[in-house]
Amino acid sequence: MTLEIEINNIAFILHNTGALYWPGKKMLLLSDVHLGKVSHFRKHGSAIPNNAMFQNFKKLDAVVKHFEPESICFLGDLFHSSLNKEWILFEQWVSNIRLPLLLIAGNHDIISPHKYEELNIAIHNEWILDGFLLTHHPETREGFFNLSGHVHPAVQLQGMGRQFLKLPCFFRNKNQMILPAFGEFTGTYVVEPQQEDIIYITTKEEVIRL
Amino acid sequence: MNREQLFDLANQWFEQKGWKPFPFQTQTWTAFLQGKNGLLNAPTGSGKTYALWIPIVLDYIQKNPDYKTKHKPGLKAIWITPLRALSTEIKQAAERVINDLDLNLTVGIRTGDTSSAERAKQKNKMPDLLITTPESMQLMLASKGYENLFKSCSAIVIDEWHELLGSKRGVQTELALSRLKTIAPAMRIWGISATIGNLHQAMEVLLGPESQQLENSVMIKAHINKKINVHSIIPDKMDSYPWRGHMGLHLIDEVAQIIKKSRTTLVFTNVRAQCEIWYQALLEKYPEFAGEMAMHHGSISRETRQWVEQAIRDEQLKAVICTSSLDLGVDFAPVETVIQIGGPKGVARFLQRAGRSGHRPGEESNIYFLATHALELVEASALRRAVKETVVEDRIPYLNSWDVLVQYLVTLAVSDGFYPKQIYNEVKSTFCYQAMTEDEWQWILNFITRGSQSLQAYDEYKKVEIEDDGKFKVNSRAIALRHRMQIGTIVGDAVMNVKYMGGGYIGNIEEWFISKLKPGDVFIFAGRKLELYRTKNMEVLVRRANPTAKAQHASWMGGRMTLSAQMSELLREELYAANTKKMSAELKALTPVFKRQRKESIVPNDSEFLIETFKTREGYHAIFYPFEGRYVHEALASLLAYRISLLSPITFSLAYNDYGFELLSDKEIDMQQVLDNDLFTPRHLHYDLQQSLNATEMARRKFRDIAVISGLVFTGYPGKVVKTKHLQSSSQLIFEVFKDHEPDNLLFLQAYRETFEHQLEEGRLLLALERIQQQTTVWKQCEKPTPFSFPIITDRLRERLSSETLADRIKRMTALYMK
């Protein structure tokens, strides 16, 4: 279910849902949850199953229970589009979780910052923490290791007998790691790694380093 | 006027033109004037248009004796054509009759190409005769007050009904007719169809099972027996004949000779990419054809296509390289010769194409068949027999297409709204929905009003609302607008418009092809070398490329076709003849190939079922040869792969063509175990097939169309860029969400059912398995690939099935790294 790794001699734990845990800070990092996406589609007449909406909250609860973090940082695209009733579910989730929450705003985060302030969620464009640069869009900056999202990375594998697989992954290179999308109703984008890049594949059961 | 006088009028008109009416034409006039409905079985270019325009006009004259001085307003007749490109020709035919007979009737066209100004004008004042497409017909049902537009209509003609019958556009037509029967009870319904195997069923689908219309109906057959000569293009030396390769360019000189000898030649290719490549290759090798040769396929802009069609009629062209885009349509008199490149995969299509040549009285049709690889020559030989014996396939109508019903009900809700009780009876009266249960109907109503079956907290689903008096209505203008745009969407792969940077539309191309290109890359499209500048929204901006630049040909995914059951049988019979002395010219030409095949394996006869296994760099191949046609092989391959995967964890890549199928794996398949366990048994077929479907991706692909038609995915309207903020999603993703969260959704289940009923043809599969049971299995362990196996193992379009864990598979695989 999890895989322990080190980045610049600091320990991290990867979870197969796409969550990243930073034990030293007792902080959970999640990217591209896209809450409200199911409702957004339904509001516009596309009948995406309602249950998918509840699944996101179940997944959130499950990773929080697993790691018992002291804070959660969302690496952008927390809410998919404009305000809808899923926000009420989110409010309830926030009040139950009782943890400091922080959002690095992504391109989808168009809801007024005041709404987040009401829930005591701090919003930043980026966050620098012990040599790590936390952003939504992947970025390279001298002297920092970047943790980001946005891309929804997946990798294509091939094997003998013309076998192919496409799986979501954590995508790591020398100074950067891109998290997979945590949200239930989100797609992926196939990245083409270089030889020196590291890929951690996530499946329904586990995280596998390639 | 009595009927005799009316007929005199029509006969005189024919005489003026120097024609004589065919018996099928006068038979149709009589039946129509008797108030009958019916199906006219007549080929393209036989005068079928006048078989129906004439009585429509005569009927008006009969009802309005003072027709020369007074005009009775309102729509009189609707003519539905599957291709909007044909509408101009149909209009011209109608206008010829009207003008010569001094009638003051107007003819209008309403298709996706009609301007909004023209549409608004039509709404104020409908033309007397309206020519339209199934999609535009639906769109009219989505406009307010549509009942008033149609109530005066006394006839509707569905042209080329065989083309619509086996498609969801046919279902759209069935539904529109069910509505019109109520609004315009005096309306006669007539279909026109080319010869297909199930003509009687075609009429039943059109008029509605057990309907009054069917009771009061007649089928009229044209019986035009034109002689069709089928020639195979066989090279002098067969040694060089390729084992695979779907282009057939090795016979380019033979093709050029045929073109030179004939006045106008239509060269039919099966796919658009092949069309582009042949056009380029001919121009390069025979520059003298420049200016006398053109290309015609569905992705080329309408203006260019219309120009080409006119140029054929004006005898300005020696040759046109085309695809099925020229299958239909009115006469091209100058065409003397037709060349078919690659297997046409259907006798009806082959006959239709052959019939495009030799249109003048007394002329014969000439069609040359060019086999693109060695085994296709067997198909050529089978085709000749099929033409001789007029073995024609069925077009299978769809049943319970929930996606089309969802679309239709929202359409009615968008215009004037509907009351379920009334519409239920109409829908139930169609062929497609005759077996629909009340529960299923209720499910559909819940789906369009609530977006699911139970009310849930925090739900904001909005589409159709139920008003206080029980009327189902769409009140949101945004939803109505999106729905109207969606109706016109032609289902297929996502297409993008190709335009010059300075303006000028060239045509459209599938998104997946463009996504492989980078700005600066050069590709050949519509016969031109184009450099990709950039893609934005749904547009591909290009500029003319340097003529010497290296370029790749644009390609399209669609259009893979399969052999029909009857054709497969003929093919098997032909092939089995290879072991006898009774060989056709084509088979004799194949002698070197058969010799090579026999070196490693055998050429099976009718009592043998051949299996070949061998190893290559790619892995372990197992090839099976039932000779049953592509769709049956698709089903057999996944069935067998599933059954083998139960014996031990294994992963397969599956490939198939019309002759056989392949299971490829990175592990050796224990063939003795396959034979010992009797894995070809017809027992538990249905269950195993269902299981194998869940394990492969076939249903997921079927779901694409369903998601678009039912409005789950919003694609926008082709050619128009629509703002769809945060509403983009792939049908694949939606399929996954349904699989995880709503597996009992009827639309989701429909994807599986369609794979069964339409693609896998379970009935044919059962017969195939029973036949295999009767045969002796011959398992050949070969050193290397055989000629028979070659076209299959080199096919890249593959299906996958696995019974291994993901983790196990990942361990043996590597990532595709950047080159």
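A: Leaving aside neighbours within four places in sequence, B:Gln775 is in contact with B:Ser607, B:Glu608 and B:Phe609. Contact means C-beta atoms, placed from the backbone, within 7 Å. This is a predicted model: local features need pLDDT of at least 70, side-chain atom pairs count only at pLDDT 80 or more, and totals for chains, interfaces and linings use all residues. Residues are numbered from 1 along each chain as its sequence is written, while chains are lettered from A and ligands numbered from 1 in the order in which they are written.

B:Gln775 sits in the loop between α31 (762-774) and β26 (776-781) of chain B. Helices (H or I, at least four residues) and strands (E, at least two) are DSSP runs, numbered from the N terminus. B:Gln775 counts as partly exposed because 16 other C-beta atoms lie within 10 Å. The scale runs from buried (20 or more such atoms within 10 Å) to exposed (12 or fewer), with partly exposed in between. B:Leu139 is 636 residues away from B:Gln775 in sequence and 54 Å away in space, C-alpha to C-alpha.

Now the rest of chain B. An automatic or database assignment divides chain B into domain 1 (3-221), domain 2 (228-389), domain 3 (495-553) and domain 4 (602-818). The C-alpha centres of domains 1 and 2 of chain B are 32 Å apart.

Helix α22 (565-576) of chain B has 12 residues. Its end C-alpha atoms are 17 Å apart, close to the expected 16 Å; that expectation is 1.5 Å times one less than the number of residues. Buried residues of α22(B) include B:Met567, B:Leu570 and B:Leu571. Their cover includes α15 (347-354), α16 (376-389) and α23 (585-589) of chain B.

Next, the partner chain. 44 residues of chain A are in contact with 43 residues of chain B. Among the elements of chain A that each supply at least two residues of this side are α2 (51-67), β11 (153-159) and β15 (198-202). The side of chain A that touches chain B holds 17 nonpolar, 20 polar and seven charged residues. Nonpolar means Ala, Val, Leu, Ile, Met, Phe, Trp, Tyr, Cys and Pro; charged means Asp, Glu, Lys and Arg; the others, Gly among them, are polar.

β11(A) pairs with strand β28 (814-815) of chain B, antiparallel, over two bridges. Pairing requires at least two DSSP bridges. A:Leu157 has B:Ala815 of β28(B) as its bridge partner.

Methods. Contact = placed C-beta atoms within 7 Å.
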